[in-house]
Amino acid sequence: PPRRPRRRGRRVSAMPLVEVFAREADMPKIQASELCHFLQDHFGVEPGVVQVMMSVVKDLAPEPVYLSLRAKGTPPRKEKVQELLAGIGRYLESRGLSRGKIRIELFEPSQQAVHS
């Protein structure tokens, strides 16, 4: 198999990328670092693998918050995608976010490249 790029002496993994979009008033009241820590545990990955971006947008419809997650489509993830989504939903609800859409896209690992 092809070698993965190295970063500062360690292997770079295919990262779950999480983007949260909401208007200022609707943005979840959590820090990106808090969501990142939860997702590391939820996906069972090492620190530094998950990347979280929280972006305020001018407008958004029909849901007030949109969370888009893109991750490597490993067999274990493919088997429990609904469980992963439900867990993220429960986490967000426990932080006061009762409405929003959570989307997950699992990709074929050979389709990703990382440069840092």
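This is a predicted model: local features need pLDDT of at least 70, side-chain atom pairs count only at pLDDT 80 or more; totals for chains, interfaces and linings use all residues.
Figure 1. Leaving aside the neighbours of Q40 within four places in sequence, the residues in contact with Q40 are V45, E46, P47, G48 and V50.

**Figure 2. The open sheet built from β4, β3, β5 and β6.** In this view 4 strands form an open sheet in the order β4-β3-β5-β6, and the pairing within the sheet is mixed. The edges are taken by β4 (51-56) and β6 (101-107), each of which has a single partner strand, so one side of each is left without a neighbour in the sheet. Neighbouring strands of this sheet are turned against each other by 15° on average, with direction ignored.

**Figure 3. Pairing of strands β3 and β5.**

**Figure 4. Helices α1 and α3 against the strands.** Helix α1, made up of residues 32-43, packs on the sheet and touches β3, β4, β5 and β6, while its direction makes about 140° with that of β4. Helix α3, made up of residues 81-94, lies across β5 and β6 and runs at about 145° to β6.

**Figure 5. The salt bridge between R95 and E34.** A search of the whole structure finds 6 salt bridges, and one of them is formed where the side chains of R95 and E34 meet, with an N to O distance of 2.9 Å. The pair links distant parts of the chain, since R95 is in the loop between α3 and β6 whereas E34 is in helix α1, 61 residues apart. Both partners are partly exposed, R95 with a relative accessible area of 37% and E34 with a relative accessible area of 31%.

**Figure 6. Salt bridges of E105 with R70 and R103.** In general, side chains of opposite charge can pair when their charged atoms come close. E105 forms a salt bridge with R70, in which the closest N and O atoms are 3.4 Å apart; this pair links distant parts of the chain, with E105 in strand β6 and R70 in strand β5, 35 residues apart. E105 also takes part in a salt bridge with R103, for which the closest N and O atoms are 2.7 Å apart. As for accessibility, E105 is partly exposed with a relative accessible area of 28%, R70 counts as partly exposed at 31% relative accessibility, and R103 is partly exposed with a relative accessible area of 29%.

**Figure 7. The cis peptide bond between A61 and P62.** The peptide bond that joins A61 and P62 is cis, with omega at about 5°.

Note on methods: Residues are numbered from 1 along each chain as its sequence is written. Side-chain values use heavy atoms; hydrogens and water are left out. Two strands pair if DSSP finds at least two bridges between them. Helices (H or I, at least four residues) and strands (E, at least two) are DSSP runs, numbered from the N terminus. Axes are lines fitted to C-alpha atoms, for helices over the stretch in contact, and angles run from 0 to 180 degrees between N-to-C directions. Contact means heavy atoms within 4.5 Å. A salt bridge is a side-chain nitrogen of Lys or Arg within 4 Å of a carboxyl oxygen of Asp or Glu. Buried means under 20% relative accessible area, exposed over 50%, partly exposed in between (1.4 Å probe, protein chains only).
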